[in-house]
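The following briefing concerns a single protein chain and is intended for reading beside the sequence and the model.

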Amino acid sequence: MAKAGKTKSQAIDTMIAGYCFSSVSLLDEALTHPSLSGSYNYQRFEFLGDRVLGLVIATWLLEVYPKEAEGKLNRRFTTLVRRETLAEMAKNLGIVDRLKLTPGAEAEDTRQKEAIQSDVCESIIGAIYLDGGFDAANAFIRKHWKPLLGSGLTAHKDNKTQLQEWCQARAVALPEYIEVSRTGPDHDPVFTIDVIVKEYGSARAEGSAKRLAEQLAAERLYNQLTGEK
């Protein structure tokens, strides 16, 4: 009975953001902040993950937008791999919560720093690549980045900003975002978000991260208000 319990615990420990690691040590290193160890930390995996993410996103964009010019593809790419996007992904996928820090780093709110959140997101991608190969990393990225890729925000102005500016230009109340629900397991959540512009309309969207659902909802409402498709 004790052995079975240990196996169950180990299975839970190796699962993160919907991916189950075969190598516990790879996951452990990917979640270890430099404050805890001299060389055993996430920095090397972060270096690798940055390159893997870039390759997957660049290839994916060429597939999805075969006729787009390089300039527009580059704007999409930049939005998908920028620090803000990675930090938000790390928070919403529960990666940040698993980060291992010294008490001193914790007291300094290191876990809340956008740069650290972005770094550990890339580290997990690098570790997945080492653990399961390119196919595993490719599947992980495409699954979690899909709402961003398909929303249209990556080539143009941020949808939430666009909707806010529409409201400001008409001197109406700013958009209000409401989390309707969060379903699914912690490692693979689905957020449902409503966005409301009082007296003008509302829209609803779902996403694997709260920010992604907000962006999709903002895009839908903006298109309703402007008549765009």
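**Overview of the predicted model**

Of the contacts in the chain with a separation of 6 or more, 57% are between residues 24 or more positions apart, where contact means heavy atoms within 4.5 Å. This is a predicted model, in which local features need pLDDT of at least 70, side-chain atom pairs count only at pLDDT 80 or more, and totals for chains, interfaces and linings use all residues. Residues are numbered from 1 along each chain as its sequence is written, and side-chain values use heavy atoms, with hydrogens and water left out.

**Chain and surface**

- The chain has 11 helices and 5 strands; these are DSSP runs numbered from the N terminus, with helices being H or I of at least four residues and strands being E of at least two.
- Of the 229 residues in the chain, 45% are buried. Buried denotes under 20% relative accessible area, exposed over 50%, and partly exposed in between, with a 1.4 Å probe and protein chains only.
- The chain exposes about 11800 Å², of which carbon and sulfur atoms supply 51%. Accessible areas come from the Shrake-Rupley method with a 1.4 Å probe, and for residues only the protein chains shown count as cover.
- A nonpolar patch on the surface is formed by L55, Y129, L130 and F134, which together have about 350 Å² of accessible area. Patches are made of residues with over 30% relative accessible area and no salt bridge; like charges are joined within 9 Å, and nonpolar side chains (Val, Leu, Ile, Met, Phe, Trp, Tyr) within 5 Å.
- Y129 counts as partly exposed because its relative accessibility is 32%.

**A buried loop residue**

- A209 is located in the loop between β5 (201–207) and α11 (210–226). With a relative accessible area of 1%, A209 is buried.
- When residues up to four places away in sequence are not counted, A209 touches N92 and F191.
- A209 and V190 are 19 residues apart in sequence, and their C-alpha atoms are 7.0 Å apart in space.

**Aromatic rings**

- A pair of aromatic rings is described by the distance of the centres and the angle of the planes. Rings of Phe, Tyr and Trp (its six-membered ring) pair if their centres lie within 6.5 Å; planes under 30 degrees apart count as stacked, over 60 as edge-to-face and the rest as tilted.
- By this rule there are 2 aromatic pairs. The pair of Y19 and F21 is edge-to-face because the ring centres are 4.9 Å apart and the planes stand at 90 degrees. Y19 and F21 are both buried.
- W166 and Y200 also form an edge-to-face pair, at 5.5 Å centre to centre and 85 degrees between the planes. This pair links distant parts of the chain, 34 residues apart: W166 is in helix α10 (residues 159–169), and Y200 is in the loop between β4 (190–197) and β5.
- W166 is buried at a relative accessible area of 9%, whereas Y200 is partly exposed at 43% relative accessibility.

**Charges over rings**

- R76 lies over the face of Y65, at 3.7 Å from the ring centre. The criterion is NZ of Lys or CZ of Arg within 6 Å of the ring centre and within 35 degrees of the ring normal.
- The charged end of K160 is placed over the ring of Y177, 4.6 Å from its centre.

**Salt bridges**

- Side chains of opposite charge can pair when their charged atoms come close. The count of salt bridges is 10, each being a side-chain nitrogen of Lys or Arg within 4 Å of a carboxyl oxygen of Asp or Glu.
- R142 and E63 meet in a salt bridge, with N to O at 3.0 Å. Distant parts of the chain are linked by this pair, 79 residues apart, with R142 in helix α9 (residues 134–150) and E63 in helix α3 (residues 43–64). R142 is partly exposed at 23% relative accessibility, and E63 is partly exposed with a relative accessible area of 46%.
- E88 and K91 form a salt bridge whose closest N and O atoms are 3.4 Å apart. Both residues lie in helix α5 (residues 83–92), 3 residues apart, about one turn of the helix.
- E106 and R111 form a salt bridge with the closest N and O atoms 2.6 Å apart. E106 is partly exposed, with a relative accessible area of 34%, whereas R111 counts as buried at 13% relative accessibility.
- A network of salt bridges links E68, K72 and R76.
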